[in-house]
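Trainee: I would like to learn how to read a structure like this one. Could we go through it feature by feature?

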Amino acid sequence: MCLCLFPFFLLKIAEDIGSSLYPYIYTNLNNWPCVRLLNATNTIGCHAPKTGSGVLYHVKSQNQMDDFVAGQFGSSDTYGIVLGYNLLTRDNINALQSTGRVNGLIVLLREAMNQNDFQNLHSPEENCPNCQFGLYADDDDPYNWNPQGQNLLESEFEIPIFGINPVNKISTQIYNFVMKTVEYNEEKGYDNYPLQAVDFELFMWAAMNSETCLRRGWCEAIGGLSVYSTPSVDIQADDKKTIVMLTAGMDSRSLFHDLTNGAGHDVSGLVGILAAAEALSRVDTTNLPKHILYTAFSAESWGYAGSQRFVQDISQPFTCTNESRAVTCPYGSNAPCTNPCVRTLDFKRINFDQIDSIIELGSISMTTNGEYWAHVDDIKTSESLVASLQQQQNTINSNASIFSIHPAYEDNVQRKLPPGSSTMSFLKQKQNIPAVVITDFQKELGSLYNSDLDDTLKGLDLSSICQLATTTAKTTYLQAQGNTSVAEQITANCTLVESLMDCLVSNFSCSFMQNYFNVSGITRISHYSSIFSFRNPQPQLLPRFVFTFLADVTSRSSPTLSSCATIQDCNQGEYCIKKQCVQTFTNYHDAYGTGLKYDESSGKVLIIDSTKSTWTESTWNTPVFRTFLVTSKTQQAIELVVGVLWTVISIVTVFYGKRYFKKTFKIE
Amino acid sequence: MAKLDRMSPDELVSISKKMFYGGLAFLPFLWLINFMYLFRTSRKPSAPPALKKYVYLSMAGCVAWFIVMTTWYAVYVNKRTSWGAAGDQITVVIPKGV
């Protein structure tokens, strides 16, 4: 009996040795990968089942890159290339992929790059991002907003690409470790084996397109929660008052979704409207002839998902069927309707036909000489709005800095609205709404558009943002007033602008944030909208903050004026903001592609319109990124040959030995 | 194999016949065994013609199965993903990532 247990005993020892030796051989590292996303027709991003090993090699310049591609470096080995974001160009990636000697890329972001690497940057976006979902999809000759674009974000890569940005403790540790191993290889001259190598595992479950992966349950719809708010707490759809809208996008996009920041595009625009809302909260806006509506849309980078869904929901009639559902409605028994499941019916109180004008703030942080550009779709429709903005800009005579708003068409080229404008979703429904989109660029999107390097506050023009917020607030007020010449003293709070930018870009646990949330230990947050959960939709940190902030500035005190610790302490329909119970018209609204539909009776997400946004994100196995020592290919080949020879010789020896012994000693 | 020499022609035909009809139940390997087991004996001049018939029919059936299976395999492996939902319904374990 002991003998038959022996193999199991051996197996157990082997397993133990295997798992206990693992940490002595491999060092697993935290990682921030590029992942696979899908739309109606294809997949983008990175997918790689286990790769082979590649010796770590740091490419520091374009010359070095060219040498490597030409084969002038390295033996017949495979390499894992470490490179700065400035070298991550379309040509370089194609060249590296075609050499067949690269098993993956490790990209160093802002805090790991050299100063002189920032000179020749290009936006990773396409020439006209999201244009097939925008207002000008059917135009014959659309304007090329991003001629320098590398077109990386909508590409599919064969090799895994991981990013590193040493901005906090963990990422700095990983970065230092990677640099140490790279230097180890450099010192050994890349031919004195054993060298440090790396291998990757980035296995994505979904494939082909959104419809396939949704059917198989291997991907989730990309989306988030938009926020809309108005100081007119008693707004109704039929109160015959028109609406002035102030809007911005809330999310950003880049190659590495965990590290997406988007300080310029689109955090600055969001901060602009939050500051304008705060400025307007200090005057009475509830008795004006028009309503003011603040909106911040999520998932705008994904085919204008947030704004399109909002427009769709407020302009179509809402029918509550209360049919049976596959999964219980996540909003509980208090939900106003269980099929379709909605958290609130307040969006029905916003009448799309009453929208009178729209002002949108896009990327507004990188001005040259404090110049802003007002983009319009149709000059005739919107020029009065532009004129009003310019008029209000003139009233700000600041000696400290220059600040001006110009019509983007002042050089007589009508480029129409730039990509990324949520306004397009509204104009698609009704094109004669006067609307202006203000940005810091006139002709081109800029080299940091949707780039992983758009994450710094250095060189940003915060005082101009403040002045723009003031101008926008004043213009909005005058629009809502019906343009009588009464000018109130409305100014945005410039310290607020600085705090907001700091909190939302670099440190979410800043002291300003402690007014709203008890948060600590979170510095950078990702501004990627992430996936939309139909079973348990929870707002991410940014929409949660925007909701709380807007609820605060548009609130009126509860008649009972009670202080509170949580929302449970307040009456039904009230919120606990800054420890006070308040009444406010501020809500979340679902944001996910309008080409997708959630079928409540089956609990599945279906594609209903492939011409609209159908973005989904694949489910994946935990990505692995580990380093270990390897010997040269020659040595491995020699080991193999020696082993085979040894085996053959042993077999032959045993065979002839047995025959010899049988003959000599007459043993069977 | 020695036992085969001592069997009567009727017994041999009976065995081959049983294996042939058995193989009709989607058992091509039974046909192959039929062929391999009795081919030598069926080539002897003393073998009954019925034996030859069953042995050769079994082989033909086995080859036909092989062709059908290989063709189906080739078509399925290459076209499964383009068949959409129908392809998934006839698959037991759907591979991830492709």
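Mentor: Start with a single residue. S421(A) has a relative accessible area of 1%, so it counts as buried, the cut-off being under 20%. Keep in mind that this is a predicted model.

Trainee: Where in chain A is S421(A) placed, and which residues does S421(A) touch?

Mentor: S421(A) belongs to the loop between β19 (404–407) and α9 (423–429) of chain A. Leaving out residues up to four places away in sequence, S421(A) touches Y304(A), E360(A) and V437(A).

Trainee: What percentage of the residues in chain A is buried?

Mentor: Of the 668 residues in chain A, 55% are buried. The chain has 13 helices and 28 strands, and its C-alpha atoms fill a box of roughly 120 × 60 × 50 Å along the principal axes. Among contacts in chain A with a separation of 6 or more, 80% are between residues 24 or more positions apart.

Trainee: How should I read a nonpolar core, and how many residues has the largest one?

Mentor: The general idea is that in soluble globular proteins nonpolar side chains tend to be buried together. Here the largest nonpolar core has 95 residues, and I81(A), L105(A), V178(A), F256(A) and F426(A) are those with the most contacts inside it.

Trainee: Which residues is F426(A) in contact with?

Mentor: With neighbours within four places in sequence left aside, the contacts of F426(A) include M245(A), F297(A), F310(A), V311(A), F352(A) and I433(A). S307(A) is also one of the contacts of F426(A).

Trainee: Now the interface. What area do chain B and chain A bury between them?

Mentor: The size of an interface is often given as the accessible area lost when the parts come together. For chain B and chain A that area is about 820 Å², with 58% of it on carbon and sulfur atoms. On the side of chain B, D88(B), K96(B) and G97(B) lose the most area to chain A, together 57% of what that side buries. Ten residues of chain B are in contact with eleven of chain A.

How values were computed. Residues are numbered from 1 along each chain as its sequence is written. Chains are lettered from A and ligands numbered from 1 in the order in which they are written. This is a predicted model: local features need pLDDT of at least 70, side-chain atom pairs count only at pLDDT 80 or more; totals for chains, interfaces and linings use all residues. Side-chain values use heavy atoms; hydrogens and water are left out. Contact means heavy atoms within 4.5 Å. Buried area is the accessible area (1.4 Å probe) that two parts lose on being put together, summed over both. A nonpolar core is a set of buried Ala, Val, Leu, Ile, Met, Phe, Trp, Tyr and Cys residues joined through side-chain atoms within 4.5 Å. Buried means under 20% relative accessible area, exposed over 50%, partly exposed in between (1.4 Å probe, protein chains only). Helices (H or I, at least four residues) and strands (E, at least two) are DSSP runs, numbered from the N terminus.
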